[in-house]
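This briefing is for a reader who is meeting the structure for the first time. Please look over the sequence and the model before reading on.

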Amino acid sequence: MKLTTKLLAATAMISASAASAVELEVTHWWTSGGEAAAVSKFAEAWNATGNTWVDGAIAGSGGTARPIIISRILGGDPMGATQLNHGRQAEELIEAGMLLDLTDVAEAEGWKDIVNPPTLLDACTLDGRIFCAPVNIHSWQWMWLSHQAFEDAGVDVPSNWDEFVAAAPALEAAGKVPLAMGQQPWQSSGAFGVMTIAIAGTEAWLQVNRDKDADVAAGPEYAKVFEAAVTAREMAADSNVQDWNLATNLVITGQAGGQIMGDWAQGEFQVAEQVAGEDYTCLPGLGVNEILDTAGDAFYFPKQDDPEIEAAQKEMAAMLLSPDVQVAFNLAKGSLPIRGDVDLSAANDCMKKGLEILAGGNVLPSGDILLSPDTQGQVEDLMVEFWNDPSITAADAQARYAAIIADAD
Ligand code: GAL
């Protein structure tokens with residue numbers, strides 16, 4: 001090849017690569033130790049492509065971050081990419097045409113064949129077009145127990161909710177907080193959901209959350225859950241922390257017996273170098289009903305009228321679901337990958353339990369998929385009020401809950 005052509009080709013390459021090196025601001029609410037360790041896997045992978053990850057972490061968890069993210073997009077100050085949960089949080093943005101259509105990426109990458117369960121893609125599909133890149137499966141249906149706390153209290157580590165409740169007096173006598181619970185509304189609301197599935201059962205939970213059946217919400221199965229919630233409230237009375245990971249830290253440091261929290265808590269145990277089965281125990285479904293819900297995270301890409309950014313957004317979307325990136329991120333995050341064709345032999349015992357349950361199909365859609373953000377917000381407001389006011393009885397709370405479900409969407 002003549003020299004000039006070689007030179008021309010070389011300059012074109014450089015300008016192309018220089019041209020394609022794009023900075024993408026990525027917003028998310030992954031700010032705890034474990035979350036930061038996990039999201040750094042995405043940032044490293046993206047920076048390795050020659051592009052630049054501009055981190056837009058927002059503290060305070062989803063309840064704080066989501067309104068900020070959505071108002072920036074609606075307000076014409078879009079980020080390059082953003083985390084949201086699987087489900088209906090981006091519904092209005094998709095309908096308003098403000099998010100990038102990723103259908104061509106999904107087809108090129110074969111997402112329809114690799115994403116499991118397929119509901120993760122359905123949650124962001126409108127009129128057959130795909131608008132998100134799902135990156136993990138997180139489940140709320142877990143309880144985390146501190147071996148140190150139970151040893152100090154001189155009682156065995158419980159294997160289910162009833163044994164946990166029975167151990168509470170011994171924990172208190174040993175100066176422990178039986179149940180660690182952060183004060184943010186989504187935490188008490190999430191814990192209530194987990195107790196519902198374990199105590200009222202899957203069918204009752206589906207009748208309320210999927211079918212919006214207020215009679216079931218006002219019925220005897222749910223009455224048992226509200227009674228158990230009163231007990232849980234008492235067990236968490238001395239848990240004076242805000243953020244979920246500070247509550248997890250009470251378990252990690254043996255100051256609290258247990259926490260009901262999604263498996264994102266795993267990232268915190270990992271950063272603390274604690275070993276599942278040795279330092280802590282994880283109970284799926286509170287040891288009563290071994291089940292997962294398919295909550296978790298997906299990335300959305302606000303539209304920008306810049307073909308270079310759009311090309312980079314699509315490149316990032318494909319990267320997020322690529323096998324190596326999926327393994328690196330999910331092992332650090334404590335979540336399950338959205339694709340089944342990857343090697344997770346490095347997963348810890350709790351993740352392996354989760355994979356078994358997922359493979360067994362004992363899976364429920366998450367509340368984020370079934371309930372509108374508005375209905376979820378109303379439930380969160382009720383739960384945080386109930387959790388902080390011992391004068392609200394189980395019957396009062398149940399009646400108010402049933403009224404919310406009667407108008408739910
Ligand atoms: C959830 C999110 C998880 C987790 C958690 C706590 O909404 O899906 O990835 O990090 O918030 O911040």
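Predicted model: local features only at pLDDT ≥ 70, side-chain atom pairs only at ≥ 80, totals over all residues.

Residues are numbered from 1 along each chain as its sequence is written, and side-chain values use heavy atoms, with hydrogens and water left out.

**Ligand site**

- The ligand is surrounded by Trp29, Trp30, Glu35, Ser61, Asn85, His138, Trp186, Trp244, Trp264, Gly296, Asp297 and Lys333 (a residue is near a molecule if one of its heavy atoms lies within 4 Å of it).
- This shell has 5 nonpolar, 4 polar and 3 charged residues; Ala, Val, Leu, Ile, Met, Phe, Trp, Tyr, Cys and Pro count as nonpolar, Asp, Glu, Lys and Arg as charged, and the others, Gly among them, as polar.
- Polar side-chain atoms lie 3.2 Å from a ligand oxygen atom in the case of Trp29, 3.5 Å in the case of Trp244 and 2.6 Å in the case of Asp297.
- Taken alone the ligand exposes 310 Å², of which the protein buries 94% (areas by the Shrake-Rupley method with a 1.4 Å probe).

**Nonpolar core**

- The largest nonpolar core has 138 residues, and Trp111, Trp161, Tyr222, Phe301, Met316 and Tyr401 touch the most other members.
- Helix H13 (residues 220–235) gives the most to this core, with 8 residues; helices are DSSP runs of H or I with at least four residues, and strands are E runs of at least two, numbered from the N terminus.
- A nonpolar core is a set of buried Ala, Val, Leu, Ile, Met, Phe, Trp, Tyr and Cys residues joined through side-chain atoms within 4.5 Å.
- Buried means under 20% relative accessible area, exposed over 50%, and partly exposed in between (1.4 Å probe, protein chains only).
- Leaving aside neighbours within four places in sequence, Phe301 is in contact with residues including Leu99, Leu100, Met316 and Leu320 (contact means heavy atoms within 4.5 Å).

**Glu380**

- Glu380 is found in helix H20 (residues 373–388) and is partly exposed, with a relative accessible area of 22%.
- Beyond its neighbours within four places in sequence, Glu380 is in contact with Pro185, Trp186 and Ser189.
- Gln184 is 196 residues from Glu380 in sequence, yet the two are 8.9 Å apart in space, C-alpha to C-alpha.

**Asn289**

- Asn289 lies in the loop between strand E10 (280–284) and strand E11 (292–294), and counts as buried at 16% relative accessibility.

Note on methods. Polar contact = N/O pair within 3.5 Å; in protein donor to acceptor, adjacent residues only side chain to side chain.
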